[in-house]
Amino acid sequence: TEVLPTDAEILYRYATERLPADDPLRGELLPRANELLGAVLASNFKGLILKANNLLALGDRAGGIRQLDAAVVSEPYNESNRFRLAQLLLYECELLAAKKHVEQLLLINAKAAPYAELLKKVNELIELERSRHGSGPSS
């Protein structure tokens, strides 16, 4: 039998950086990395990010969002992860949750144009939802 590394980060990086999405080996390495990560402690920021990335690579968007949300709670001033979380929430049509994170980003860094652009997009979608359904969006 083949021996795989026991470092989840090595497995994740190799699978996502070196293998095409349809490679069968990628389909073996990502679940193994996820298995090695197990239950990541909320205080382990790097582990939370790695687990979020791994789950997203596996196609588990909900699991990735949960891990990324825990990472944002762990390090609330990390702009790149909060921005990524807001984008994922927007993609999942969790408009109010996305808006909350973008507003927090603007409190952290009011001069960042991408944050203002994302907030504008979220607000437009919220208005569209209100006009279509006569009430606010979910979440």
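**Figure 1. Contacts across the chain in the predicted model**. Of the contacts in the chain with a separation of 6 or more, 47% are between residues 24 or more positions apart. The chain contains 7 helices and 0 strands, and from the N terminus on its elements run α-α-α-α-α-α-α. The C-alpha trace spans about 60 × 30 × 25 Å along its principal axes. Of the 139 residues in the chain, 38% are buried.

**Figure 2. The aromatic pair of Phe83 and Tyr115**. The structure holds 1 aromatic pair. Phe83 and Tyr115 form this pair, with 5.4 Å from centre to centre and 45° between the planes. The pair counts as tilted, because that class takes the angles left between stacked, under 30 degrees, and edge-to-face, over 60. Phe83 belongs to helix H5 (residues 79–91) and Tyr115 to helix H7 (residues 113–133), so the pair ties together parts that are 32 residues apart in sequence. Tyr115 has a relative accessibility of 8% and therefore counts as buried. Phe83 is listed among the buried residues of H5.

**Figure 3. Helix H5 and its cover**. H5 has 13 residues. From its first C-alpha to its last, H5 reaches 18 Å, close to the 18 Å expected at 1.5 Å a residue. The buried residues of H5 are Asn81, Arg82, Phe83, Leu85, Ala86, Leu88, Leu89 and Leu90. Their cover includes helix H3 (45–57), helix H4 (61–74), helix H6 (95–108) and H7. Just after H5, Cys93 takes a positive phi of about 65°.

Figure 4. Leaving aside neighbours within four places in sequence, Asn81 is in contact with Phe45, Ile49, Leu68 and Val72. Helices H3 (45–57) and H4 (61–74) are among the elements that cover the buried residues of H5.

Notes
Residues are numbered from 1 along each chain as its sequence is written. This is a predicted model: local features need pLDDT of at least 70, side-chain atom pairs count only at pLDDT 80 or more; totals for chains, interfaces and linings use all residues. Side-chain values use heavy atoms; hydrogens and water are left out. Rings of Phe, Tyr and Trp (its six-membered ring) pair if their centres lie within 6.5 Å; planes under 30 degrees apart count as stacked, over 60 as edge-to-face and the rest as tilted. Helices (H or I, at least four residues) and strands (E, at least two) are DSSP runs, numbered from the N terminus. Buried means under 20% relative accessible area, exposed over 50%, partly exposed in between (1.4 Å probe, protein chains only). The expected span of a helix is 1.5 Å times one less than its number of residues. Contact means heavy atoms within 4.5 Å.
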